[in-house]
Protein chains: 4
Amino acid sequence: MSVLPTQINLEVRDYECDLQGIVNNAVYLNYLEHARHKQLQAIGLDFAGLHDGGLDLVVTRSEVDYLAPLKSGDQFRVESRVSLLGRVRFEFLQQILRADGLPIVKARIVGTCLVKNSRPGIPAPICKLFDAGV
Amino acid sequence: MSVLPTQINLEVRDYECDLQGIVNNAVYLNYLEHARHKQLQAIGLDFAGLHDGGLDLVVTRSEVDYLAPLKSGDQFRVESRVSLLGRVRFEFLQQILRADGLPIVKARIVGTCLVKNSRPGIPAPICKLFDAGV
Amino acid sequence: MSVLPTQINLEVRDYECDLQGIVNNAVYLNYLEHARHKQLQAIGLDFAGLHDGGLDLVVTRSEVDYLAPLKSGDQFRVESRVSLLGRVRFEFLQQILRADGLPIVKARIVGTCLVKNSRPGIPAPICKLFDAGV
Amino acid sequence: MSVLPTQINLEVRDYECDLQGIVNNAVYLNYLEHARHKQLQAIGLDFAGLHDGGLDLVVTRSEVDYLAPLKSGDQFRVESRVSLLGRVRFEFLQQILRADGLPIVKARIVGTCLVKNSRPGIPAPICKLFDAGV
């Protein structure tokens, strides 16, 4: 029911820092989303392509612990692990670590699928990908 | 220990919508932050001014439930209620409602103060504002 | 060939400021876009609705002079004037002024229409709106 | 008076796309800024560090031609070349190219230095870096 974790490496861009000189709290949601979409890509799911096909992956709940701030020039990685949560939801456990290993953010993101003209849930072909543990 | 709730009225800007045609999940964090800073302003606290004086208000945890999406042109309001959480943290309970009353987002944001060269906590003068129930 | 100018009133949000404590240069493009979409709305054009109908309004060139920076808490207005530029383009002349009248940004934005399966240009019904000087 | 050009490689992140399914026009300004800061870094200038030291590099004019849009998943590179423009300004000539070589954006960005308690201009030590053609 779970797939291999993925990891992406990124670098803080100065425009992502706010007037406190640290990465703004909303920007971590951007980082986490980008990492999730790369994770989905790794199991054969294309976020934009799915939308064009009438299937939208949406976040229904986010829980984020901000442990330490990233600053201008910091290198960091985002680790993501996704698994099914019952029949209609999936759950990402994610963390952001500075290049030296310092924990920055720990997050739990719950999502589901919205299919045009249909009830929320995860279409069978997508479930299969998870089952396969690809 | 708590202060009067505040409410701000906003409108979706098209650049805040992503390729799904709905407001991106990270943008709600922007809305919520702006509402918190207006709430702080209402009790006499200026986020940028505090930073210039060496005191940073930072988010330590966010919990956000996404109930329904906002779209291009939607009018909405953000309601915020803040209270102290023990001696070193404060808690915002916030919700975003579309103009017609539809609940969009429900959030709990926990924060603290970082004072230059000092331990985390909430300086006495700021606590006083909360006690006063201004 | 030109329509009545419009004006919108906005306020700086703290997350729009970067580590220099001023509104980041890219954010003014957001302000200008939002003002253009309100200007289009005023002449009966809905940016998102047009996209759903297969017609995309896109920017082809922007020229922006940054005269003075906006800061946390600043109130400002964006003034926009739009006119046709030949047969296939339109031109927005825009300026951002702080509430006390200080000029912040002066901009010229050129755009065109992309119609699905068609050449760039401005469809006749849209041209008419401009001609009418609504 | 000019320094070696630099190049950075980036990838579109889905949250950078707007409801038209293409990268929003303001986001290219983010890409361009990030590339400029990497270019400055390459000649020994740290944007955030300079700010902390009381010297702010600011944009005074931007001219951007949008030639073709980037979409979800696109890989691209930003090329930047910087040179002095008279005694008080510098000029970046930048372009964004999709991985297959398709020109996306062509830009000219003019900037200057603001030194605390001083007139606009470029401090001598910074001029030297340019003269040296590092």
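First, a definition. Copies are superposed by least squares on the C-alpha atoms of residues with pLDDT of at least 70 in both. Keep in mind that this is a predicted model.

Now apply that to chains B and C. Rotate by 180°, with 0.0 Å of shift along the axis, and chain B superposes on chain C. The RMSD is 0.0 Å. The two copies are therefore related as by a two-fold rotation axis.

Which residue of chain B comes closest to the rotation axis? That is B:Leu10, with its C-alpha at 5.1 Å.

On to the contact itself. Here, 12 residues of chain B are in contact with 12 residues of chain C. Where do they come from on the chain B side? Two helices, α1 (25–42) and α2 (47–52), each supply at least two residues. The largest share, four residues, comes from α1(B). What classes of residue are on that side of chain B? Three are nonpolar, six are polar and three are charged.

Last stop, the core. In general, nonpolar side chains in soluble globular proteins tend to be buried together. In this model, the largest nonpolar core has 118 residues. Which members touch the most others? They are A:Tyr28, B:Tyr28, C:Tyr28 and D:Tyr28.

Take C:Tyr28. Leaving out residues up to four places away in sequence, C:Tyr28 touches C:Val23, C:Val64, C:Ile96 and C:Val105.

Thanks, everyone.

Methods. Residues are numbered from 1 along each chain as its sequence is written. Chains are lettered from A and ligands numbered from 1 in the order in which they are written. This is a predicted model: local features need pLDDT of at least 70, side-chain atom pairs count only at pLDDT 80 or more; totals for chains, interfaces and linings use all residues. Two residues are in contact if their C-beta atoms, placed from the backbone, lie within 7 Å. Ala, Val, Leu, Ile, Met, Phe, Trp, Tyr, Cys and Pro count as nonpolar, Asp, Glu, Lys and Arg as charged, and the others, Gly among them, as polar. A nonpolar core is a set of buried Ala, Val, Leu, Ile, Met, Phe, Trp, Tyr and Cys residues joined through C-beta atoms within 7 Å. A residue is buried if 20 or more other C-beta atoms lie within 10 Å of its own, exposed if 12 or fewer, and partly exposed in between; C-beta atoms are placed from the backbone.
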